[in-house]
Amino acid sequence: MNKNEFSGWIQVFKFTMSQAIKAKGFKFVTIGLAILFFAIAVGGNLIAAFVQSDDSEKISEVETVYIVNQTDIKEIDFSILTLLIEKKYDEVKFEISDKSSEILLKENTVEEGKNVILEISQKDDGYNLNLMIPYNSSISKSDGKDLVADLSKCFLQSKLISSNVSPVVQMMLLSGVDSEVIEAGEKAQSIGEQLVKTLLPMLTGLLFYMLTILYGQSIGATVIAEKSSKLMETLLVTVKSSAIIAGKILAIASLGIAQLTLWMASIILGFFVGNIAAKEVYTDYSNVIFQIVDLLKESTKASAFSPISIVLAIVVLFAGFFLYSVLAGFFAANVNKSEELPTNMGLYQMIVIACFFTTYFLQIKALDGISYAKIFAVIPFTAPFSLPADLLVGNVSIIYGFVGLVVLLIFIVISIILTGNIYRNRIFYNGANKNPLAFLKK
């Protein structure tokens, strides 16, 4: 490659960026979406705080639960419900009845008050808990569903208490069981950790897919702009085609990255501001995102969400976006007329869709212990979809991150040179019936 291959790209970059910024609606969309994302992030925290506050302060309207026991369990004690769930059921009374449900429903004491009947029956494969609400009761069906769901949770413990099992053994029997296949020397992960490490790369891949589709068309239009003008032929005499392509694509890609950075900053700022505001609404507010990050830090202390992994993930994301921007320019450079652009950009979108779905669906295999993260990291067209998030959650090491970045940069340089050659030759041989491979030559 000639040392002057990219000389003059800065001038092209400045001109293209200036024109793009002056475009109608650019500033409005950029600033407007930033404000919108900030508001959504703040609002999301506040809504979650109000929901948590309502759940914690919600007091059951039920006054008495009449228990009709049709099983062979002699003693059933639901009073532990007040211990498992604070405040909500403190005023609820539980009474064992020796009458049938039909008789209780006809009695005034059940009919008139805020009372319900819990019928416990036994079958071959387990037990049934049916909650009956009297005809004229003010208890809503949703409150009834909440109550019977909570009663079902403590029914097993109630059975254990009635069988005189010690509290220690109760805790052991009630504890969950997680299973996982790991290699020697690996640390077992919880289901939550596995889900986050699988779903986060899928979500970031989806966001990157939307970004490349959104900006691909703009980059294509920028590349073919003024292509048929004699001025471009004159410009190619003084500035090499690689510099023109690099300047044009880098300008649009940089604007896209700047917009993305502003929007991400708005979301993050809104998230932290919203978190502070949410704690003012409800002091015991628990932020799910913070919990997930802490969970990942605890499970993968070596690299997950470390400063170097965050910086490297951002650089890989930007490099990947620039690579796909060059790819969009590559297909646009093969266009002689603007009417042909949609067809060629359709090919670009097919490649984007194929790479996206490949990484997206194979990420699900990670739940079965089959990870393709390291393979995706070193393939330039799949790395942008998965590598940034895989670095953040610790699915791949920092070394793999650097290898993937180097591969991306190499492909970016090669793609720019090839796109520049096509761009120049398409202008000078406009309409000529040449072999497509001939346009790749200098």
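The mean pLDDT of this protein chain is 77, and 73% of its residues reach 70 or more; pLDDT is the predictor's confidence in each residue, from 0 to 100. This is a predicted model, so local features need pLDDT of at least 70, side-chain atom pairs count only at pLDDT 80 or more, and totals for chains, interfaces and linings use all residues. Residues are numbered from 1 along each chain as its sequence is written, and side-chain values use heavy atoms, without hydrogens and water.

Which element has the highest mean pLDDT? That is H12, at 89, while helix H7 (residues 167–174) has the lowest, 56. Helices here are DSSP runs (H or I, at least four residues), numbered from the N terminus. Over residues 182–186, pLDDT falls below 50.

Now, let's look at a helix pair. The axes of H12 (residues 307–333) and H13 (residues 341–362) come within 8 Å and cross at roughly 145 degrees. Axes are lines fitted to C-alpha atoms over the stretch in contact, with angles running from 0 to 180 degrees between N-to-C directions. Contact means heavy atoms within 4.5 Å. Among the contacting residues are Tyr 324 and Leu 327 of H12, and Tyr 348 and Val 352 of H13.

Is Thr 212 buried or exposed? Buried, with a relative accessible area of 2%; buried means under 20% and exposed over 50%, with a 1.4 Å probe and protein chains only. Leaving aside neighbours within four places in sequence, Thr 212 touches Phe 321, Tyr 324, Tyr 348 and Val 352.

Technical notes. Helices (H or I, at least four residues) and strands (E, at least two) are DSSP runs, numbered from the N terminus.
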